[in-house]
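I opened this entry to record what I looked up, beginning with the protein as a whole and then turning to one of its pockets.

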Amino acid sequence: MPVDSKVGTAPLVGRSATVRSFMRMVEATSEGEFQFLALVGEPGVGKTRLLGELASRAGAQGLTTLWGRAAEFEQVMPFSALVDALDDHLESSRGRIAGRFGAAQRRLLATVFPALTANSSEVDLDEHADRDGIARLRLYRALRQLVDELAAPDGLALLLDDVHWADPGSAEFLDHLVRHPPRGRVLVAVAYRPAQAPPRVAALVAAAGGHQITVAPLTPDEVAEFLGEGVSRARGRALYEASGGNPFYLEALARMQRLEGAELPASVRAVLQVELGDLSSDSLRLAHAAAVAGDEFEPALMAVAAEMPEAALLTALNDLVARDILRQATSGRFRFRHPLVRQAAYEYAEAGWRLGAHARLAAHLARVGAPATVQAHHVERSCTFGDQQAITTLVTAARAVAAHAPETCAHWLRIALGLLPVEPGTLEQRLELLMELCRALSVSGRLAEGRDTARELLALLPADQYARRARAARICAVMERQLDRPHEARALLLDELSRMPNPRADAAIPLRMRLVVESLMRVDFRAAQAVLDLMPDSGEGWEPGLDVAVAALRPMSAYAAGRIADAQGLADTAERLVGAAADSHLAEWLDTMAWLCWADTCLGRYPVALKHFDRSAGLARSTGQAYVETNLLAGKARTLIALGRLPDALATVEESIDGARLIGSGQQLVFALTQRCLALAWSGDHDAALAVGEDAVTTVVGSHEVWGYMAQNARGVAMIAAGRLDEGVEALIASCADFKNPKIDRATLVATCELLAQVETAQGRDGARWAEMAADLDDPGLPVFTGLVTLARAHVTRPGDPAAAAALAEEAASRLTAGQRRLDIGRALLTAGLAHEEAGRADLARARLREATDIFLACGAAALAAQTVREQRRLGVRVPAPAAAGRTGSHGLSPRELEIARLVTQGLTNQKIAAELYLSVRTVETHLSRVFAKLGVTSRAGVAAMLARES
């Protein structure tokens, strides 16, 4: 929407620092950087006014500036904020924009933007039949491309106000956009109230590496400036006390001529109701009608709601505009000057009158053929019990948005179910709607509600409807597991299987698959394999994608049993099936796809694992399956750690942790914390690694499943990295159940044995037994295994025969190179360098240490890089600065690294440094790891000490 109709005229007081930040962000956008800004503050504090200032600055810089606003009473309308921002602009540039998209993308965009449906024969209602959620991913990609197209050639400032009221679709797309930034010059700014913002909105800044500005109330001096010289000091003080420095409240109170000598209103609602109370009866009635009509409306809708003749309506409309209650938005449309004004007008109307107004609007929209999604807002506020037409409208609207807005879908389905009479004639309809509601709740991450709905559905389903009961039971079991109730999940599955006359029938396959997953989680691999052995690879009556799901489960079970060759063959088969499968077929079975991804990682198939993790996580995000997405992101982080991409791993696992906390799943939280502990430990942030490891272990107290043992193992690695060697050894051995009946995977066991061999030998104890144990786990078909086994032998050989140890370490580095384990390659080269030195081969020692340093720097392994730098300096090597010539400063630091180092000495956190320098937190972490390595330190205190020494 054009900006002019949005920007207020109130003076901008007390916001100079914020305006300076605006200028920096606009300039950065013009230079080609994606920028994200959140203005956060209480209602009326001035967020909208500041957005107007930002719009002016962006426009002056030449950026296309579009402004939209979410509305309290349209929160279930999909993508309402984006439609408000973009639709008018799209209407004026439809031809140019449409030519940049293929037919399929145009159809998707036309389901969102009315401007793209006009005169279009391409709107395909079958698009809505894609209710597995894949359409959401496609739609988000199309919307992201649309943002890029709108940004060409001059750049785009997309400003969204009142995002705390954003519908789930708008919020989810913003989340997608900041995680997959547009290529063009784009500035996205959102404003919202922190107390009312949903978690996804509140997490946007962290996800984007963006900037948040908290808009505070005005001070007494700023209030005096705001009011101007015409207001007496006494009245100014009274206004400040009444408003609390809130500009909107202040402006509303200042308009009241009766303020002096009268009791001050207790809230702004009272202020606004006084303002509305001064209206004539026709004007007040029209204000009520406008509030019912929508956040933005045409006079025709106001007339229907108000039941007023045209002449009276126009007179009242003129009055409301003259009093600045309504403002013209775009040609022929109006909106309230502020959402709080609309809220007051809506609540000030009598409840019965509001119900009738909504009913009139619903009937009018039905007569003119408006989409069910437009009618539903008014239908749900005026419907009566048993109204089959209302039920049909709500269900039609729910199905239309199911693919890309499952929370909205669930909202309308719940209302429809509430209207449906409980009688035999409606049972089938109720069962159908409950199944759809169950699905919508589960994919949107509403775990408890999804579980309860599935239980309700099972209680109503006839005993002989095995296929429907199996689908409901599977969803319920998944939810029980994510709610940390695995025993209930398993009991439910076994109970449903016992009800079936033929537990091997096609209808039982989904239940048996969930039993396999439950057995894998409980580390009962024999039970998992027993079920898989009785399960065919495919069947004529199977749902699409079910054969891929079964194939995805098989590799992990074979791998856990030590049948590595079988596991590799099964993984190859699964990869072929997955590659040929449509996204829509995989989306239903993502919980099983996760096991294939993890199996790929365990087998050292890292590129394939990343491919599968990325595709599956993208599908999970687009379909709202947060409980699967968090697990997939944790697995991806583990793969990135193995590949030595530590900054990427930390960024990925932060997403996983946020998601797990949002859905309240302790199991998924531990998976995520475990990977964060490992990434921090290898990065060199030892204190943080130990804290996270302790948190992970504490969260799973009493657990005897694989995730609990993995958390213990990660904490042991962190202890050893921090120099707490004896505690670390004890923790690692305990995590492997004293190696009597270990529960963790074989790859982790081999890595644990190698680390124990290194530490125990360095401590003068018997490390040979750990090298032998690693050899017992070795498999010649896995370079990762053989490389780590060889490195373990190098550790135990080094004290007695350093030359032989050096040869073994170099052999290990070669094998690990084939396995792409960069961190372990660096560790092997470090071991080789130290052994060469002890064997009197200084030149070889220097060469290997230099190679190790380069690898550790590239990985972001600050502590290991600092160690190798110290070893090189001990050998008389002047370590060159990696920065380009002419761009190095103190200690060989680049200008940016030196800038970050100096901020570290001032005590700033990475988050504050990122905000100060307009960088992402991940970029700061990468620079800081290089600072640690170049200075040869392992802590922020060490950075401060080195810089202080020079000064």
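**Overall fold**

I began with burial in this predicted model, and found that 58% of the 951 residues of the protein count as buried, where buried means under 20% relative accessible area. I then looked up the accessible surface, which comes to about 36800 Å², with 50% of it belonging to carbon and sulfur atoms.

For secondary structure, I noted 49 helices and eight strands in the protein. Along the principal axes, I recorded that the C-alpha trace spans about 100 × 80 × 55 Å. Turning to contacts between residues at least 6 apart in sequence, I found that 68% join residues at least 24 apart.

**The second largest pocket**

I next looked up the second largest pocket, whose volume is about 1600 Å³. Its lining consists of 46 residues, and I noted Met-77, Val-83, Pro-114, Pro-371 and Val-374 as those that lie nearest its centre. The elements that give two or more residues to this lining are helix 3 (80-92), strand 6 (296-297), helix 15 (299-306), helix 18 (351-367), helix 19 (372-379) and helix 20 (388-401).

Which element gives the largest share of the lining of the second largest pocket? I found that helix 3 does, with six residues.

Note on methods:
Residues numbered from 1 in each chain as written. Predicted model: local features only at pLDDT ≥ 70, side-chain atom pairs only at ≥ 80, totals over all residues. Heavy atoms only, no water. 1 Å grid on protein atoms, 1.4 Å probe; cavity = no way out; pocket = protein on both sides within 12 Å on 5 of 7 lines; lining within 4 Å. Points joined across faces, edges and corners; volume = space filled by probe spheres on them. Helix = DSSP H or I, 4+ residues; strand = E, 2+ residues; numbered from the N terminus. Buried < 20%, exposed > 50% of the residue type's maximum accessible area, 1.4 Å probe, protein only. Contact = heavy atoms within 4.5 Å. Areas by Shrake-Rupley, 256 points an atom, 1.4 Å probe, with all protein chains shown as cover.
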